[in-house]
Amino acid sequence: GATTETFLLTAEGKQTLNNSEENLEYIWYRTLNVEDKKVSSDTITGKENLMELPATKKSKWQVLLVVRDKSLDIEHYSNITVKTKVPFTNSWLFVHGAAGERKIGCLSWDVAGKAEITPDIQDAMGRPGYPNMTGITYSAGGAQDYILMERLFITSSPDSITYIFPFDCKKMGDYREMNVPANVHVREVITPNVNSTSYVAMISTEGKYYYSTSWGTPMFEQPQGDVSSDYSIDLAYMDSRGDVTLWDDTHKRLMNCIGGTIGYMGTVDANALAGKKALWLGRDAKTSAGDRELCLFIAKNEHNNKCYLYHISYDDKGDKMAKGDDSKGDGGEGFAYGNVTCDSTHTWGFDESTLFAVSDYYQDQFFFTKDNVVYRGIMASGESIELYELEGTIKKIAFRYANQSVVEDFNANQHILALVVTNTEGHDEIHEIHLNNGGDVEKVEKYALGDITIIDWEFTALNRLTDY
């Protein structure tokens with residue numbers, strides 16, 4: 001792409017007593033800042049002011065225009081700021097393309113709110129691509145830079161993780177620096193989508209769990225703990241403090257990893273999970289003391305389709321671990337961290353194709369799909385409310401951002417529920433459902449992305465004060 005962009009300002013002088021502009025003099029005092037550093041300052045004259053801005057860097061012209069009436073010897077002043085919008089912030093990034101030809105596309109909005117599609121953000125930034133990528137994971141924090149704190153992890157087949165800064169696509173960390181054993185292949189990376197922790201975790205193709213507390217480039221470690229060596233993780237969720245809930249479908253066990261120690265979940269008997277099929281593991285639609293979100297595990301009985309909602313918290317009382325089953329699962333005297341309560345109901349009608357999403361704003365409610373319809377579920381009553389029916393197939397569902405942001409302007413993201421929809425022509429689109437405070441539909445925006453198939457997606461919400 002181009003290395004610079006140009007922006008033209010033209011002064012229009014209006015006079016009540018004189019139709020000619022020959023008496024007017026235009027003087028522009030200009031200062032250019034790039035990445036918050038002053039790089040040039042000059043003065044030009046004339047009605048037109050043509051400015052160049054680096055295309056891939058945060059830059060800003062601060063301009064003082066002085067219009068002088070030479071006949072009357074009076075001056076008019078005007079301060080103007082022209083700055084670039086850093087690309088790909090508060091945007092949907094999506095992996096698309098055939099295996100070996102993968103790209104990261106972007107759905108973003110300009111300052112006027114008009115949607116823009118970038119098919120390949122790496123190419124747009126003049127960076128090399130990752131054609132073998134299988135997924136992306138966005139974290140709103142954890143970088144070593146205390147201002148530019150966001151991280152994007154790119155997982156590539158068969159065994160690679162690359163860490164880049166998502167808004168200029170600069171490579172920040174290489175897999176060889178991440179302390180992963182040579183024989184371990186990566187299945188997925190998980191992070192908490194907040195800016196207050198450096199935690200990041202990795203699940204291998206063998207279902208083993210690795211974690212890192214390092215800022216910037218992860219340094220993965222194996223957890224400690226008394227668990228069976230043949231455990232195999234199928235689902236994982238990391239909360240805003242970096243505590244992780246895990247599901248081992250082979251052994252039908254809920255597990256967790258707290259501060260580098262892996263263990264079995266307390267207060268839920270191993271036998272109670274036998275015959276359960278996991279549907280979803282993610283944040284709960286509840287917030288406990290200290291603004292900490294609970295975890296929600298949704299399962300159904302493999303024999304009668306009865307559904308179960310397991311609410312999982314790590315709010316220990318007086319730092320005492322919850323009494324629970326030990327690593328042998330025999331109900332012995334072992335202690336295990338984590339408290340689990342279970343609601344069961346026949347009414348939801350979930351199946352293995354049901355997709356789920358929650359937002360911190362809509363307490364005790366969650367959103368789910370059934371066929372080509374999106375519903376809002378009320379946990380207390382078991383009521384399902386139909387929100388949106390569409391033509392096509394729903395592939396993915398997520399809120400732009402599920403947690404409260406420190407920046408009030410960005411909390412609107414908690415009200416926007418997005419879908420990846422395969423339309424009747426076989427192409428993927430993004431639909432965004434804008435919800436009101438009560439959780440009902442205000443409007444739906446649909447974005448055609450062209451002839452593509454989305455493999456993975458992430459929303460690059462900013463959770464910090466910024467002048468972007």
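Predicted model: local features only at pLDDT ≥ 70, side-chain atom pairs only at ≥ 80, totals over all residues.
**The whole chain**

One helix and 33 strands make up the secondary structure of the chain. Turn the view along the principal axes: the C-alpha atoms fill a box of roughly 95 × 50 × 50 Å.

Next, look at contacts across the chain. Counting those between residues at least 6 apart in sequence, 53% join residues at least 24 apart.

**Surface and charge**

Switch to a surface display. The accessible surface of the chain is about 21,900 Å², and carbon and sulfur atoms account for 47% of that area. Of the 468 residues, 52% count as buried.

Now colour the charged side chains. There are 44 positive and 69 negative ones. The centres of these two sets lie 2 Å apart.

Return to the cartoon and select β24 (339–345) and β25 (356–357), then the loop between them, where T354 lies. Is T354 buried or exposed? Its relative accessible area is 4%, and T354 therefore counts as buried, the cut-off being under 20%.

Show the side chain of T354 and the backbone of D351. The T354 side chain reaches the backbone nitrogen of D351 at 2.9 Å.

What is T354 in contact with, leaving aside its neighbours within four places in sequence? The contacts of T354 beyond those neighbours are with F368 and T369.

How values were computed
Residues numbered from 1 in each chain as written. Heavy atoms only, no water. Helix = DSSP H or I, 4+ residues; strand = E, 2+ residues; numbered from the N terminus. Buried < 20%, exposed > 50% of the residue type's maximum accessible area, 1.4 Å probe, protein only. Contact = heavy atoms within 4.5 Å. Areas by Shrake-Rupley, 256 points an atom, 1.4 Å probe, with all protein chains shown as cover. Lys, Arg positive; Asp, Glu negative; His and termini not counted. Charge placed at Lys NZ, Arg CZ, Asp CG, Glu CD. Polar contact = N/O pair within 3.5 Å; in protein donor to acceptor, adjacent residues only side chain to side chain.
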